[in-house]
Amino acid sequence: MTSLARGAGTANRRARSRGARSWMRGPAPVALLFLLPALIALIVLRLAPAGVALVDSLYRESLLSGTTFVGLGNYLELFANPDFQNSITVTLLFTVIVNPLQVAAAFLLAVLFTRKAAGSRFWRSLVILPIAVPPAVSAVIWSVIYRPDGLGNGILAVFGIPPQSFLTSPEQSLMSIIVLLSWIGVGYWMMFLIAGINDVPGEYYEAASLDGASAWRQLWTITFPLVRRPLAFVLVADTVSNFLIFAPVQILTKGGPNGSTNLLMYDIFTRAYTFADVNKAQAEVVILVLITIVIVALQFRLLRTED
Amino acid sequence: MRRPTTITAGVIAAALALTGCAGSADSSGSSGDGSGAVSFVGPEDPAVFAPVIDAFEAAYPDITVDYTQVPFDTYATTLQQRLSAKDDTIDVFAVDQPNLAQIAAQGFLEDLSDLEDEAKAATSAAQFDINIYDGTMYALPVWNSTQMLFYNKDILDAAGIEAPSLNPDERWTWEQVAEAGAQAQAAGIESGLLLEQAEAYYQLQPLIESLGGGSGITGDDMLTADVTTDGWVEAMEWYGGTFESGLSPRGVGGFQTSAVFTDQKTAFFVGGPWDIGGFADADFAWGIAPHPSFDGGEAVTPTGSWSWGVNTASTNKDAARTFLEFVALDAAGNLASTETQTIIPANTEAAAEYLPKLEALGGDNSAGAADLITYEIENTAVARPVSIGYVQFESIINAAIADIRNGSDAMERLTQAQQQIEDAWSQLR
């Protein structure tokens, strides 16, 4: 693998000095051949649909009067539409709450489960288990928990807490979805952080102990800075995956009550497949991608280390 | 409308889909009945249509029928794609009745006007009308549905409430149901009343129409939303109130509602004929009564299910029509289509034969069901509106019903829905 990469580099240099023909004789064509399946998949499955979405978002197709070019008309109409405005607000609010919450929970659980404590492997497996459950099945399970006469209120009643409305009230529905998603997701992200924590050399902790650093101090000055890379990955990957949440909304709330859980992905789905307004849905896809790129870029900037 | 539980795709379905795409045979030389292969596409499990296909092939040995299942969840979109590509491997296809206008407007359904007289004679008025778009008949009704009031007799007896009468002339009002429900709650039952599809337009339309609120769609082109009339607001306020007061339970979803009745957690339940089979094993006494209406309002019941039509791109139209006529207009054929399903045949003659069997499923509990269903279909059934914008309309209204159920102000939420429908329809024109 490394020799191939090095070889490709030499070929590049040669190509610059002797012209394109010698490029054909180097290992570059072979490298390209090996890369071809991935490149084709990238173009066919990623770039082409993105291009189609962009182009489609500039047109309007009507059942009765055919297709017309409307430029940015779909975007303007979307931004003037109260439902779309609400969907953007809900999505941003959701992003701001769910990502820090999940990453913090995953980090704390990772720290906890890397301690040598009785049964920590067993507990760790329990936390990871929900990943094995398909999201749709998780949603169905939680629909029973969240029912007004369901398990959730049953458990609250044991502690003397009055019944909550969960998914049936606009105030609690988004938070209920966040709890359910964290139940699914936290264990998964925790695994990456556990790998990161296990990579931290034990000597650092020994040295810190000799210097009299407390466990809390060790966590913040050794563990946290040294798992920065996996942490950055987890934050970015978690953010992207949370932008693409669909199944629990579709199964549990259908965006309601009063649009309080109408995340962008669900809004795109209803616009495309229920309202048959594919062009505006494509415009929404473009907007969603732009928002994701901006937020991920921001996260990279914040997490950039000095080195 | 009830989606039969058998629509989930299985391995068998996939296998059948592979063999089912054989395509149509030539239509040359076929006069009258036609011959060759007919490709039929629908959302149900292949086992559902096996009896009717066998019966048809026995009656018309020159024609074979290949059935392809497209699961319900992707049915509308798959059909849209294949029909707009002028796919001639579909000859006959099942049409979800509220979607008929949208499909017909795009020219995907063969004009069946020459069968109008026969169709009118074979089915109920509401089931005939729903296949007409812009003055032309595009499909024939195959299945039908209705709704009735179920009550838990043991609970009513214990609470000292006299059960509602089976006689449509003594139909209970919603107010009466609410009062009796509250009385049953006072006697210890969890809920008084629950509607099976608690957040569906199909289920709530009769309440709105009972108060003269209209279907919600008006205009010559049926693209004018009208969901803020007095009838709409009053009906939805009443409905929201049943949840506010605790008469009906919030948060119980689509597939969980009939279990609330079988678990003896509600005194009254509004459901369809399929529930008769579902409640047959209940270990308590229950009964049926006519679908309620509002005090001083009109008696209105839901109706409608699936029609079938012929693809305009079909290359074997004669045989396709023969198959369609056999299933919709021939009583024996229509009856065969319901052999494995608890669903009402749209053909009046077939229904007359089928309903006593349905009634027998529930034993003494469902005595009188056949006459009641026949009465409602003939006298009180009001179909969902025929409009090319129905799909958008239904989705927005269902969301509004769900919000009102969860406590939104009816007037405010319906005004919002009105705006949402107008927005969604603006791209149809």
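A: Let us begin with the sheet. In general, strands of a sheet pair through backbone hydrogen bonds, either parallel or antiparallel. In this predicted model, chain B holds an open sheet of five strands in the order S2-S1-S3-S14-S6, with mixed pairing.

Q: Why is one side of strand S2 and of strand S6 of chain B left without a neighbour in the sheet?

A: Strand S2 (63-69) and strand S6 (140-141) of chain B are at the edges and have a single partner strand each, so one side of each lacks a neighbour in the sheet.

Q: In which sense do S1 and S2 of chain B pair, and what packs on the sheet there?

A: Strand S1 (residues 36-42) of chain B pairs with S2(B) in the parallel sense, over seven bridges. B:Gly42 has B:Gln69 of S2(B) as its bridge partner. Helix H2 (residues 46-59) of chain B packs on the sheet and touches S1 and S2 of chain B; the direction of H2 makes about 170° with that of S2(B).

Q: Which residues of chain A does the UniProt annotation "transmembrane region" cover?

A: The unreviewed UniProt entry places this annotation on residues 88-114, 126-146, 174-195, 231-252 and 285-303 of chain A. In the model, residues 285-303 of chain A are 100% helix, with end C-alpha atoms 27 Å apart. Residues 126-146 of chain A are 71% helix and 0% strand, and their end C-alpha atoms lie 21 Å apart.

Notes: Residues are numbered from 1 along each chain as its sequence is written. Chains are lettered from A and ligands numbered from 1 in the order in which they are written. This is a predicted model: local features need pLDDT of at least 70, side-chain atom pairs count only at pLDDT 80 or more; totals for chains, interfaces and linings use all residues. Two strands pair if DSSP finds at least two bridges between them. Helices (H or I, at least four residues) and strands (E, at least two) are DSSP runs, numbered from the N terminus. Two residues are in contact if their C-beta atoms, placed from the backbone, lie within 7 Å. Axes are lines fitted to C-alpha atoms, for helices over the stretch in contact, and angles run from 0 to 180 degrees between N-to-C directions. UniProt positions are given in the numbering used here, feature names are shortened, and annotations may be inferred rather than shown by experiment.
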